[in-house]
Amino acid sequence: MRILTGAIAAALITTTGAFADPVDDNLVINGETEIVTRTAAPAHVSDALDEVMSGWLFRKDGTRAMQADDFDNPGMIFVEQAMDTWETAEGSEGKSCSSCHNDMDSMAGVKATYPKYSEAAGKVVTLQMQMNDCRTERMGAEAWKYDKSDAINMEAALSSVSRGMPVNVAIDGPAQSTWEKGKELYYTRTGQLELSCANCHEDSYGMMIRADHLSQGQINGFPVYRLKNTKLNGVHSRFKGCVRDTRAETYAPGSDEFVALELYVASRGNGLSVEGPSIRN
């Protein structure tokens, strides 16, 4: 029965959905920051994809235009909130983020390299995890909840100062085992619908499903402002929603499984530009 259900679900994606090519368009933010939205696939995914493409290319005209201008991008409201937080002293040490890092522009390029292996932690960590390490160990402040407002706003702000820089996530050395775990999760069918990440975002991108356009599932645009729920969304929250949609029990944001999956999926977009906070449906 599970196999039959999975076959029906796959058919719903590939046969009943109309095909719509990604647009041939260029993203330039504020008329000055050029964003690479399509490029040759990195070597480690070239057996599956010739080209990697940002989800921006799969959106409608109005949505794409909103992202091209910070005054129209509602995600920038949350970036501004995070910039205030950056300058605010918290915790027992009386420090703010700027106490160590000066202005936020000094963090340009950081977002492009996460997740990454941390020698101090002895494992792969996400940018939100590194932020919380700074808060607890250097500021004496409470850690932020994963993918919740404070953390996701700050991640969006750090992403905004890296826009236009190429995603360059390392997958070798001590990060390799985590990357391999993430790859396994990406290709493993789950839930009553027996679907994997690859079934939608590798095998079926360009198809229409439930009135939406399936993209390659690249995460270079995260955090994402979704028009659907009118707020910033983190990668792990989106993973959780996707797994839930296969009718499977899902993992928690910040879990080892989602850290591994984030590393793998981020590496599939190596060479695309950081573009968060982006806008999606």
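## Salt bridges and a charged patch

D25, D61 and R64 are linked in a network of salt bridges. A salt bridge is a side-chain nitrogen of Lys or Arg within 4 Å of a carboxyl oxygen of Asp or Glu. The model is predicted: local features need pLDDT of at least 70, side-chain atom pairs count only at pLDDT 80 or more, and totals for chains, interfaces and linings use all residues. Residues are numbered from 1 along each chain as its sequence is written, and side-chain values use heavy atoms, without hydrogens or water.

The structure holds nine salt bridges. Three pairs are among them:

| Pair | N to O distance |
|---|---|
| E51 and R38 | 3.0 Å |
| D245 and R244 | 3.8 Å |
| R280 and E275 | 3.0 Å |

The E51 and R38 pair links distant parts of the chain, 13 residues apart. E51 sits in strand 4 (residues 51-53) and R38 in strand 3 (residues 38-40). Strands (E, at least two residues) and helices (H or I, at least four) are DSSP runs, numbered from the N terminus.

Burial is set by relative accessible area: buried is under 20%, exposed over 50%, partly exposed in between (1.4 Å probe, protein chains only). E51 is partly exposed at 28%, and R38 is partly exposed at 32%. R280 is buried at 12%; E275 is buried at 0%.

K145, K148, K231 and K240 form a positive surface patch. Patch residues have over 30% relative accessible area and no salt bridge; like charges are joined within 9 Å, nonpolar side chains (Val, Leu, Ile, Met, Phe, Trp, Tyr) within 5 Å. K145 is exposed at 66%. K145 lies in the loop between helix 5 (127-139) and helix 6 (149-160).

Note on methods
Areas by Shrake-Rupley, 256 points an atom, 1.4 Å probe, with all protein chains shown as cover. Lys, Arg positive; Asp, Glu negative; His and termini not counted. Charge placed at Lys NZ, Arg CZ, Asp CG, Glu CD.
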